[in-house]
Amino acid sequence: MGEEKARRSYLVSSREVGLRRDLRSRHLSMIAIGGAIGTGVFVASGSSISTAGPGGALLAYIIVGIMVYFVMTSLGEMATFMPIAGSFEQYATRFVDPALGFALGWNYWYTWTVTLPAELAAGAMVMRYWFPHVPAVAWSAIFLGLLFLLNVVSVKGYGEGEYWFAGIKVITIVAFVLVGLAMIFGILGGHPVGWHVFMTGGTPFHGGWIGFLSTVMVAGFAFQGTELVGLAAGESDHPERNVPRAIRTVFWRILLFYVFAILIIGMLIPYTDPNLLNASVNNVAISPFTLVFRRAGFAFAAGVMNAVILTAVLSAGNSSLYASSRMLWALACEGKAPKVFTKVNRHGVPMNALYVNTAIGFVAFLSSIVGNGAIYTWMLNAASLTGFLAWLGIAVSHYRFRKAYVAQGRSLDDLVYRAKWYPFGPLFAAVLCAVVIIGQDTSVFTGGKIDWMGVVATYIGIPLFLVLWLGYKWIKRTKVIPLNEVRFEE
């Protein structure tokens, strides 16, 4: 009963500060799966197979998929008990240390703020397929305007945009799986494929441990964005029902969309095919999805996949504006950012936060095309591991949440959603995230002479995070909160 009152208090407090709970169950489900479907599956899956072989790529994506599942169940348990916007920052602040919450909040804001100009640049490159002579900045401005309008209307505008963007991606992957299976079993092409392509070179594993680890990194980046469902829980109409429903479907959808897709690509295209390594957003004609559709006899595959990749890019940009504005708003509400960002309009949208993130996104995009783009490159490299830091923070926060919950004599039966496999789940996720963070770019150490500039560019995100964490800790004199002092109510 006490826990139910606590949950109601969070629902009321969210309304009192102006946010609207307008996201429905279908929105949260698509936000969860839409965050995991992007250029990582449509483009990067090809380079993963080329690097580690189909077996290595499958294993890497399965391991990371399991890790993401545990991160999501950890997030689900906390988000259903305490559905608040800016959740990651609040959970770390309440259950671990306010300094960790400060660092995670600004880290996550930075992640999506820098992701936005990257998606604007990618969208401009995609449009070159149809309009090669139109300046890239024109397309980026158009896309930024569209994304701003989706977010400025209401949170429901973001949810509807993500619902349809993600829906197009889901339909494409389902069609790809069906066409691929038809080719493998001989329904298309006239004869069954067999395992000889998958076993090219006598084994499905190639590239050794270095190749496998680099593929784990790519898989991790591909899955980033699934945690958005926790951030959006603070604006869900029934988080106690909608969040668990979205969480439960994530693992199986990841299994279908990534593992099946990689298996089909590995069965039909040998890992030695140079097109797999060369696949990129800028060259959709050799995306592994395009290659498979063309071999099935669909001559229009490149144009269709180009449109699908554009929706993936716009989806990521849509999420970038939403996540960065909500996190900046949450930080401001906690006194960890200027109070001006707490202002919301009558539709419950934090407008000042949205304005500044839109402006930063466009300025950062311009820096990517002015001169050699060195400043922007460093910004992007610094953000390359911030997603893993967010996942690590979620896992640690959940471990401490459950420990404090039990230590204070509360019953686990009162939890609306309980993460399975505790404490193995959060511990496994935390350890794997730490391994990935440390091993971000093993190639800089294995190529003979060490590229120290490459090392700095790759790992600069770690000292930036530590400066935020330890700096706040030193200034505010914060400490790790004892389990019996953790606050579960306002």
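This is a predicted model: local features need pLDDT of at least 70, side-chain atom pairs count only at pLDDT 80 or more; totals for chains, interfaces and linings use all residues.
Local features are described where pLDDT is at least 70 and side-chain atom pairs where it is 80 or more, while totals for chains, interfaces and linings use all residues. Residues are numbered from 1 along each chain as its sequence is written, and side-chain values use heavy atoms, with hydrogens and water left out.

Figure 1. Helices (H or I, at least four residues) and strands (E, at least two) are DSSP runs, numbered from the N terminus. Of the 490 residues, 57% count as buried; buried means under 20% relative accessible area, exposed over 50%, and partly exposed in between (1.4 Å probe, protein chains only). Among contacts (heavy atoms within 4.5 Å) with a separation of 6 or more, 81% join residues 24 or more positions apart.

**Figure 2. Helices α4 and α5 where they cross.** The axes of α4 (residues 44–81) and α5 (residues 87–95) come within 11 Å and cross at roughly 85°. Axes are lines fitted to C-alpha atoms, for helices over the stretch in contact, and angles run from 0 to 180 degrees between N-to-C directions. L75, M78 and A79 of α4 meet S87, F88, Y91 and F95 of α5.

**Figure 3. The salt bridge of E77 and R402.** A salt bridge is a side-chain nitrogen of Lys or Arg within 4 Å of a carboxyl oxygen of Asp or Glu, and by this rule the count comes to 5. Here the N to O distance is 2.8 Å. E77 lies in α4 and R402 in α17 (residues 386–407), 325 residues apart. E77 is buried, with a relative accessible area of 0%, and R402 is buried too, at 6%.

**Figure 4. The salt bridge of K336 and E89.** The closest N and O atoms are 2.5 Å apart. K336 sits in the loop between α14 (301–333) and α15 (351–369), whereas E89 is in helix α5, 247 residues apart. K336 is buried, with a relative accessible area of 9%, and E89 is buried, at 0%.

**Figure 5. The salt bridge of R418 and D413.** The two side chains meet at 3.0 Å, N to O. R418 is partly exposed, with a relative accessible area of 37%, and D413 is exposed, at 63%. Side chains of opposite charge can pair when their charged atoms come close.
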